[in-house]
Amino acid sequence: MKVTAMDVYKLLPQTNCEECGEASCMAFATKLSDKEIALEKCSELDEKQFAKLEKLIAPAVREIAIGTGNKVKTIGGDEVLYRYEESYYNQTLFAIDVPDTLSDEDFDNKVNIIENTEFERTGEILTLDGIALRNKSGNATKFAKAAKKLKNAKYPVILCSFDPIAMDAALKEIGDERPLIYAANENNLNEMADLAIKYDCPITAFAPGDLEKLKELVFNLRSLGIKDIVLDPGTFTGNGIGDTIDNFVMCKRLAIEENDEDFRFPIIGIPALSKLDNTDEDISKDIMEATYASILINKYADALIIEGSEIWEMIPILTLRQGIYTDPRKPQAVDPGYYPIGDVDENSPVILTTNFALTFYTVEGDLKSAKSSCYILVLDTVGKAVDVAIAGGQFDGKAVADLLKDHKIEDTIKTRKMVIPGLAASVSGEIEDETGWDVLVGPRDSSAAADFIIEKF
Amino acid sequence: MDKISQLLKLMENTDSIEINEFRMDFEELELHLAPAIQQTIQQTIAKQEIIEKTLLSAGEFNPPIKEYPGKIAQVQLGDGTRKPVYLGGQESLYRFEQPQPNQPIVTFDVFDIPMPGLPRPIREHFEDVMESPGEWAKKAVKDYGANMVTMHLIGTGPKVMDKSPREGAQAVEEVLQAVKVPLVIGASGDPVKDPLVLEAAAEAAEGERCLLASANMDLDYKKVAKAALDYGHAVLSWSIIDVNMQKSLNKYLMNEGLKQTDIVMDPTTCALGYGIEFSIDVITRTRLGGLKGDPDLQMPMSSGTTNAWGSREAWMKNEAWGPTDYRGPLWEIMTGLTLMLNGVDIFMMLHPTSVKILREIGETFTKEYLTTDLPQIDNWISEL
């Protein structure tokens with residue numbers, strides 16, 4: 001449940017001392033409930049009041065940092081079950097599986113691929129976030145040796161072993177970098193808990209398909225004073241995916257709606273487990289792994305371990321994550337008006353698009369990479385894409401005429417001809433009528449826009 | 001270091017020792033437990049106590065199951081010579097609360113004209129049948145297990161081939177002859193002509209209970225509603241990512257005489273990477289609204305998942321992105337699955353792989369929680 005400014009205000013000193021930089025305690029309360037100011041800014045709280053407030057404003061799902069320094073990644077922090085209610089926080093961490101049985105060369109290659117995988121969308125570089133080192137060998141020395149090699153890796157590490165001796169050996173190498181310990185189960189709970197305490201690292205509780213057991217494990221860890229816990233309710237693939245979804249949803253619902261202290265932790269999913277099934281060929285397995293990853297990104301995983309690292313598998317899930325974790329409170333729009341690309345003068349070609357950020361950045365990127373020189377006219381479609389804006393009535397002749405007028409475009413640009421998106425063909429006539437400009441219906445996809453301008457403009 | 005110290009050092013992390021083939025002969029024995037050993041024993045006992053204590057005091061686990069005052073209407077598609085399928089009927093949001101009575105349905109897109117513009121990964125499956133809507137539909141059902149087929153009468157578009165409504169109706173008849181699955185009938189997207197095309201098609205398919213796609217605010221939805229009522233079909237109620245627009249349109253359609261059980265909603269599918277989060281939000285709010293009891297939102301939902309293929313990441317050749325053979329289907333799978341997880345009941349799709357995967361995952365939605373044989377994953381770390 002979301003904490004209101006009123007809930008916070010009640011616990012504040014209510015002296016309006018302005019020490020925090022805010023005009024009143026109510027203003028401070030509003031900012032605090034929106035996570036826009038730190039509680040420490042209030043100087044008049046005693047220890048008890050501070051603790052009370054800290055508990056009140058703690059997110060429903062605890063935020064946990066993995067890694068240290070410049071390679072820290074934070075997971076968890078969610079307050080709502082549905083993104084439209086507020087926003088999701090801290091996007092799902094993508095860690096790629098690296099077994100400790102790989103040869104030195106293969107090991108370095110895989111780490112290299114993980115660190116260099118990136119994909120640009122809407123002006124943002126999307127990347128992976130972590131390395132899941134897996135003790136496939138069952139050998140402590142091998143595991144520790146592999147862990148040592150990750151000391152200089154770009155991303156934080158998840159150490160995967162059920163053997164406390166192997167875990168200890170690996171932690172001796174990189175325990176000071178706050179790797180995530182994976183995992184404590186019912187057989188090794190106390191030994192793993194000791195390691196989490198000794199090295200001050202976050203720890204995963206693993207109880208596949210049994211939420212009651214999971215609750216028990218977490219309760220044990222909490223009883224030992226451990227605060228940073230990650231939940232693994234088990235990722236079953238194939239026909240088991242239904243139960244996996246149920247378990248993930250229940251964990252998050254227990255945290256957010258039921259305030260169950262044993263479930264108020266981030267969840268880790270392991271799409272890599274789809275590869276335990278040996279019946280499919282490799283390509284189908286990669287497709288299935290990406291499919292399961294997309295399910296778990298939708299339904300509440302805060303971190304994922306993925307085996308494959310093919311770029312065609314990564315692009316769709318990176319894109320999905322970017323969309324789902326976009327803050328719905330911030331409009332996905334750029335300012336309407338005109339934007340010069342390359343070397344322009346008053347007679348340069350003019351190309352029209354919407355102010356939906358994704359559309360604009362795609363068109364801009366295409367024109368820039370083709371070294372085009374032109375103006376992009378940006379219509380205010382309240383952040384809607386071309387086809388949606390046309391259906392919704394924001395993209396029509398009148399709106400384009402108003403755009404030219406409001407931004408005095410005819411004073412700057414002498415061109416009287418514009419290229420409109422192929423998807424806007426149905427309104428080409430009315431744009432001509434309302435603006436008096438010539439209208440060329442351009443390609444449906446802006447990747448062909450630069451060539452279109454050269455050939456047709 | 002003396003022998004005992006060495007031994008203790010070795011035993012530092014040991015909880016128990018097993019001694020094999022050991023024999024001692026003596027007449028009188030006095031045991032002195034070294035302090036270190038005593039300490040170890042105490043620690044072990046303490047540890048056991050912790051385990052016992054915490055296991056006992058862990059709070060009771062209660063699955064977070066909720067009650068919903070509303071119910072989603074069940075819509076029948078297919079009648080007469082078709083074997084019916086059913087959409088909707090949910091009384092809860094998630095399977096662990098109550099499994100949904102009907103599995104999500106996938107309907108294969110078929111067109112009344114050859115579609116040279118379809119991306120290659122799709123064309124290569126249907127190239128041999130594109131000249132004939134009947135053969136196309138047959139292949140979708142026989143080879144790729146389609147639950148339903150969507151007959152898109154694209155050719156009736158004034159700017160496409162301007163085929164007459166009568167010609168559109170003939171294509172529908174051809175498909176009705178060719179397959180026995182229920183049909184969605186789509187027009188070309190021309191607001192003036194679509195109602196006429198749908199009317200003619202509805203008449204040709206009288207009594208077969210097709211889904212007429214679509215009624216929306218931009219066209220004569222009354223004509224579409226009337227065609228459905230006169231010839232026994234259901235109507236797709238299409239709004240543009242706007243819950244209030246959807247509610248109004250549903251109300252208008254019900255004023256024309258359609259019931260909840262005659263309407264399927266299309267809140268608009270924005271593809272993965274092209275605003276899918278807007279679709280997620282609207283679909284989530286619509287389904288929650290229906291379950292909370294809003295009668296204007298208690299209909300099943302549809303997704304034009306095919307929109308995914310409009311995304312350049314799905315179809316554009318680009319070596320740096322890997323082959324479209326995998327990228328394309330994944331784009332369609334993720335677009336569809338994302339919406340399925342948020343409440344959509346029927347999916348209009350194009351690629352056989354995407355259709356297969358969505359159907360398989362959709363089937364699990366009707367099963368009871370924890371009644372499936374789960375794979376053994378306890379030792380995945382060494383087995384993977």
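Predicted model: local features only at pLDDT ≥ 70, side-chain atom pairs only at ≥ 80, totals over all residues.
1. Let's start with the annotated site. An unreviewed UniProt entry gives the feature "binding site" at Cys17(A), Cys20(A), Cys25(A) and Cys42(A). These residues span 26 positions in sequence, yet no two of their C-alpha atoms are more than 9.4 Å apart, so they gather at one spot.

2. Cys17(A) sits in the loop that joins α1 (5-11) to α2 (25-33) of chain A, and Cys42(A) sits in the loop between α2 and α3 (47-57) of that chain. Are they buried or exposed? Cys17(A) is partly exposed, having 14 other C-beta atoms within 10 Å. Cys42(A) has 21 such atoms within 10 Å and is buried, because the cut-off for buried is 20 or more.

3. Which residues does Cys42(A) touch, once neighbours within four places in sequence are left aside? Its contacts are Leu12(A), Cys20(A) and Phe28(A). Cys20(A) is also one of the positions in the UniProt annotation.

4. Further along chain A, helix α8 (residues 211-223) has 13 residues. From first C-alpha to last it reaches 18 Å, close to the 18 Å expected at 1.5 Å a residue. Its buried residues are Leu211(A), Leu214(A), Lys215(A), Glu216(A), Leu217(A), Val218(A), Asn220(A) and Leu221(A); do note the charged Lys215(A) and Glu216(A) in that list. After the helix comes Gly225(A), with a positive phi near 90°.

5. In chain B, please look at helices α6 (residues 194-204) and α7 (residues 221-231). Their axes come within 9 Å and cross at roughly 5°. Angles under 35 degrees count as roughly parallel, so α6(B) is described as roughly parallel to α7(B). On the α6(B) side, the contact uses Pro195(B), Leu198(B), Glu199(B), Ala202(B) and Glu203(B). These meet Lys223(B), Val224(B), Ala227(B), Ala228(B) and Tyr231(B) of α7(B). Seven residues of this contact are nonpolar, three are charged and none is polar.

6. Finally, the two chains meet through 58 residues of chain B and 68 residues of chain A. On the chain B side, α2 (35-57), α9 (276-292), α10 (312-315), α11 (324-341), α12 (352-363) and α13 (380-383) each supply at least two residues. The largest share, ten residues, comes from α11(B). By type, the side of chain B that touches chain A divides into 36 nonpolar, eleven polar and eleven charged residues.

Key: Residues numbered from 1 in each chain as written. Chains lettered and ligands numbered in written order. Axes fitted to C-alpha atoms, helices over the stretch in contact; angles between N-to-C directions. Helix = DSSP H or I, 4+ residues; strand = E, 2+ residues; numbered from the N terminus. Parallel < 35°, antiparallel > 145°, perpendicular 65-115°, else oblique. Contact = placed C-beta atoms within 7 Å. Expected span 1.5 Å × (residues − 1). Buried ≥ 20, exposed ≤ 12 C-beta atoms within 10 Å, placed from the backbone. UniProt positions renumbered as here; feature names shortened; annotations may be inferred.
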